[in-house]
Amino acid sequence: MEARTNCTTPILQPVASLLLRSLWWLEVQSLRHVADIDRGHATYDCARDLADEASLNNLANLLRVSGKHREAEALHRRALEGKERELGRDHPSTLASVNNLAILLEDVGRHEEAERLHRAALEGRQQALGPGHPSTMASVRNLVKLLRATGRSQLAVGDHGPHQGGA
């Protein structure tokens, strides 16, 4: 008897194909818009800048999962710089960009820099959103995952989030 997933695969193939085409179209549109801004053909205003940073961040996430890490990092950094400029370092949207960059850096093995950013995102989210907020808890999980992956599972999770266990 065939596995159940094999029975649904033909049904899902057109959906997956449509999704991939849609993501490709979004990537192309985002890149065109970014290029227009770089050439000075697009105007800047605060609302537009924030939409651009969100687009950059989304495109960077797409590039990351596609294995295009160098391109993804450049876009994540650009989105982060824009959000820091427009919203400030402590805004939840800025902290989400910090978190996304940390995840990318972790993916490519730059653990020290990823840890620094995970800790910054966690600290900022604790202050801005509170310790029980879902985004704060996501930062806790991300940092714990990184510390475990780097062989530092002796950490403790206290009132202020993960930290190295010690004397």
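Author: One term comes first: two residues are in contact when they have heavy atoms within 4.5 Å. The model is predicted. Among contacts in the protein with a separation of 6 or more, residues 24 or more positions apart account for 49%.

Reader: Which pattern of helices and strands does the protein follow along the sequence?
Author: The protein has 6 helices and 2 strands. Read along the sequence, the pattern is α-α-α-α-α-α-β-β.

Reader: What percentage of the residues in the protein is buried?
Author: Buried means under 20% relative accessible area. The protein has 167 residues, and the buried share is 33%.

Reader: What share of the accessible surface belongs to carbon and sulfur atoms?
Author: The accessible surface of the protein comes to about 10300 Å². The part that belongs to carbon and sulfur atoms is 56%.

Reader: How far apart are the end C-alpha atoms of helix α4?
Author: Helix α4 covers residues 92–107, which is 16 residues. At 1.5 Å a residue it should span 22 Å.

Reader: How many residues of α4 are buried?
Author: α4 is mostly covered. Its buried residues include Leu95, Val98, Leu101 and Leu105, along with Asn99, Asn100 and Glu106. Of the 16 residues in α4, the number buried is 12.

Reader: Is Asn100 buried or exposed?
Author: Asn100 sits in helix α4. Its relative accessibility is 14%. The cut-off for buried is under 20%, so Asn100 counts as buried.

Reader: Which residues does Asn100 contact, leaving aside neighbours within four places in sequence?
Author: Asn100 is in helix α4. Beyond its sequence neighbours within four places, its contacts are Asn57, Asn61 and His76.

Reader: Why does Leu75 count as buried?
Author: Leu75 belongs to helix α3. Buried requires under 20% relative accessible area. Leu75 counts as buried because its relative accessibility is 11%.

Reader: What does Leu75 touch, not counting residues up to four places away in sequence?
Author: Leu75 lies in helix α3. With residues up to four places away in sequence left out, it touches Leu56, Leu59, Ala60 and Leu63.

Reader: How many Å separate Leu75 and Leu101 in space, C-alpha to C-alpha?
Author: Leu101 is one of the buried residues of α4, and Leu75 lies in α3. In sequence the two are 26 residues apart. In space, C-alpha to C-alpha, the distance is 9.4 Å.

Reader: Which helix gives the largest share of the lining of the largest pocket?
Author: The largest pocket has a volume of about 250 Å³. α3 (69–87), α4 and α5 (111–129) each supply at least two residues of its lining. The largest share, 6 residues, comes from α5.

Reader: How many residues of that lining are charged?
Author: The largest pocket is lined by 13 residues, with Glu84, Arg89, Leu95, Val98 and Ala120 nearest its centre. The lining holds 5 nonpolar and 3 polar residues. The number of charged residues is 5.

Reader: Which residue with a positive phi follows α6?
Author: Helix α6 takes in residues 134–149. The phi after α6 is near 75 degrees, and the residue is Gly151.

Reader: And which residue takes a positive phi just after α4?
Author: The phi is about 85 degrees, and the residue is Gly109.

Conventions. Residues numbered from 1 in each chain as written. Predicted model: local features only at pLDDT ≥ 70, side-chain atom pairs only at ≥ 80, totals over all residues. Heavy atoms only, no water. Helix = DSSP H or I, 4+ residues; strand = E, 2+ residues; numbered from the N terminus. Expected span 1.5 Å × (residues − 1). Buried < 20%, exposed > 50% of the residue type's maximum accessible area, 1.4 Å probe, protein only. 1 Å grid on protein atoms, 1.4 Å probe; cavity = no way out; pocket = protein on both sides within 12 Å on 5 of 7 lines; lining within 4 Å. Points joined across faces, edges and corners; volume = space filled by probe spheres on them. Nonpolar A, V, L, I, M, F, W, Y, C, P; charged D, E, K, R; others polar. Areas by Shrake-Rupley, 256 points an atom, 1.4 Å probe, with all protein chains shown as cover.
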